[in-house]
Amino acid sequence: MKLFIIIFVVVYGSMHIYVYSRITAALTMPLFLRLFIVFFMVLMVAGPIVIRVLEKYGYTNAAALSAYTGYTWMGLIVIFIPVSVLLQITKTICSSGFISKFSAMNFTERTFFFISLIITLSAYVYAFIDARMIRTERVTIKTPKLPKGAVKIKIAQISDVHTGLLVRESRLKPITLILKRENPDIIVSTGDLVDGQLDHLDGLSELFKALKPPSGKFAVIGNHELYAGLDEALEFTEKSGFRVLRNEAVTSGFISIAGVDDNEISRFNISLTKSETELLLSLPKAKYNILLKHKPLINQAATGLFDLQLSGHTHKGQIFPYNIFPQLIFKINTGFSELHNGSSIYVNRGAGTWGPPIRLLAPPEVTIIEIEPL
């Protein structure tokens with residue numbers, strides 16, 4: 001964790017140094033104003049750490065205010081930098097005369113800074129609104145494991161809701177309204193249902209508890225359940241009406257659902273009762289076997305032992321153009337893909353947000369999966 005904090009401070013601090021250089025290159029300011037900007041930026045770099053400390057010691061209102069301020073600023077920063085870099089490249093090309101009709105124009109630092117600022121603010125407003133517009137993605141899978149004439153099985157998948165300081169009732173209601181409208185047979189949560197300290201989430205579990213699909217609700221833990229405190233996260237998830245599958249499986253009719261803990265659990269000195277492969281080998285081969293696993297990591301030794309893996313975690317990058325990072329880390333980072341030996345995977349983009357309360361070109365989703373006879 002210490003190494004993560006050091007890396008975060010170095011990277012996020014470097015981003016602020018770049019933004020400060022753009023501001024000072026574009027605007028002439030007195031010394032006291034420059035010092036104020038430096039002081040504000042230092043506070044913003046420390047913001048995510050301060051938020052966690054305030055949460056930990058029960059200063060919920062102060063933590064919420066800090067989160068709204070700090071994560072809004074973070075969202076603006078992460079949009080501004082690629083916009084500014086792209087415009088700076090454009091400025092360099094134009095000033096070099098490669099584009100003759102633009103080379104005579106007066107592209108000042110001030111002009112480019114304000115163009116960058118306008119684009120950033122516009123993109124932020126769009127991304128803020130889009131993060132609250134939950135899409136319903138639909139997947140239909142035909143399988144010979146359901147007998148002909150059998151009624152199709154409807155499964156609703158949610159992932160990465162990140163219930164916490166910023167994702168509250170107003171963000172959860174649209175998700176639960178979709179689930180009520182779809183009336184699925186089963187609801188599954190593939191991790192990160194919660195985020196941060198959990199002693200200020202009173203009443204929010206009731207929104208999920210009111211959902212009562214006929215064949216049950218099942219969940220697995222993600223990395224943020226571990227960060228929030230596993231015991232408290234499990235209590236919230238169970239209060240929400242989910243059965244948490246921790247390296248175990250259940251069978252209902254023609255399907256079996258297996259769930260595994262997130263791989264980061266090894267960092268918390270918690271031993272696993274059985275491996276993923278051992279768990280899947282115990283499933284009845286005649287059933288349609290579904291694996292719930294937070295991260296879209298593919299265990300090649302396990303393909304063929306499950307029919308469908310449901311995962312989340314990636315958010316599809318959440319903020320463009322940072323979607324390149326999950327693409328580099330995970331071979332499959334969003335949507336449906338066929339795997340080897342008859343297995344397949346669906347990676348949910350997530351319904352909530354982590355950090356900045358925005359999603360830019362990575363809209364939130366609830367997934368409806370219908371399994372039908374072949």
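**Exercises on a predicted model**

Helix H1 (2-26) and helix H2 (31-56) each supply at least two residues of a nonpolar patch, and the model in which this patch is found is a predicted one.

**Exercise 1. The nonpolar patch**

Solution: Val53, for its part, is found in helix H2.

**Exercise 2. Two aromatic pairs**

Task: Classify the ring pair of Phe80 and Phe113 and the ring pair of Tyr322 and Phe325 as stacked, tilted or edge-to-face.

Solution: A pair of aromatic rings is described by the distance of the centres and the angle of the planes. The count for this model comes to seven aromatic pairs. In the pair of Phe80 and Phe113, the distance is 6.0 Å centre to centre and the angle between the planes is 65°; because an angle over 60 degrees counts as edge-to-face, this pair is edge-to-face. The pair links distant parts of the chain, with Phe80 in helix H3 (residues 60-95) and Phe113 in helix H5 (residues 109-130), 33 residues apart. Both Phe80 and Phe113 are buried, and ring pairs link Phe80, Phe113 and Phe114 into a cluster.

For Tyr322 and Phe325, the ring centres are 6.3 Å apart and the planes stand at 20°, so the pair is stacked. Tyr322, at 22% relative accessibility, counts as partly exposed, and Phe325, at 45% relative accessibility, also counts as partly exposed.

**Exercise 3. The open sheet**

Task: Determine the strand order of the open sheet of six strands, and explain why one side of E1 and of E5 is left without a neighbour in the sheet.

Solution: The order is E1-E12-E2-E3-E4-E5, with mixed pairing. Strand E1 (135-143) and strand E5 (243-244) stand at the edges and have a single partner strand each, so one side of each is left without a neighbour.

**Exercise 4. Charges over rings**

Task: Find which ring lies under the charged end of Lys217 and which ring has Arg132 over its face.

Solution: The charged end of Lys217 sits over the ring of Phe242, 5.1 Å from its centre. Arg132 lies over the face of Phe128, at 3.7 Å from the ring centre.

Methods
Residues numbered from 1 in each chain as written. Predicted model: local features only at pLDDT ≥ 70, side-chain atom pairs only at ≥ 80, totals over all residues. Heavy atoms only, no water. Phe/Tyr/Trp six-rings, centres within 6.5 Å; stacked < 30°, edge-to-face > 60°. Helix = DSSP H or I, 4+ residues; strand = E, 2+ residues; numbered from the N terminus. Buried < 20%, exposed > 50% of the residue type's maximum accessible area, 1.4 Å probe, protein only. Lys NZ or Arg CZ within 6 Å of the ring centre and 35° of its normal. Pairing = 2+ DSSP bridges.
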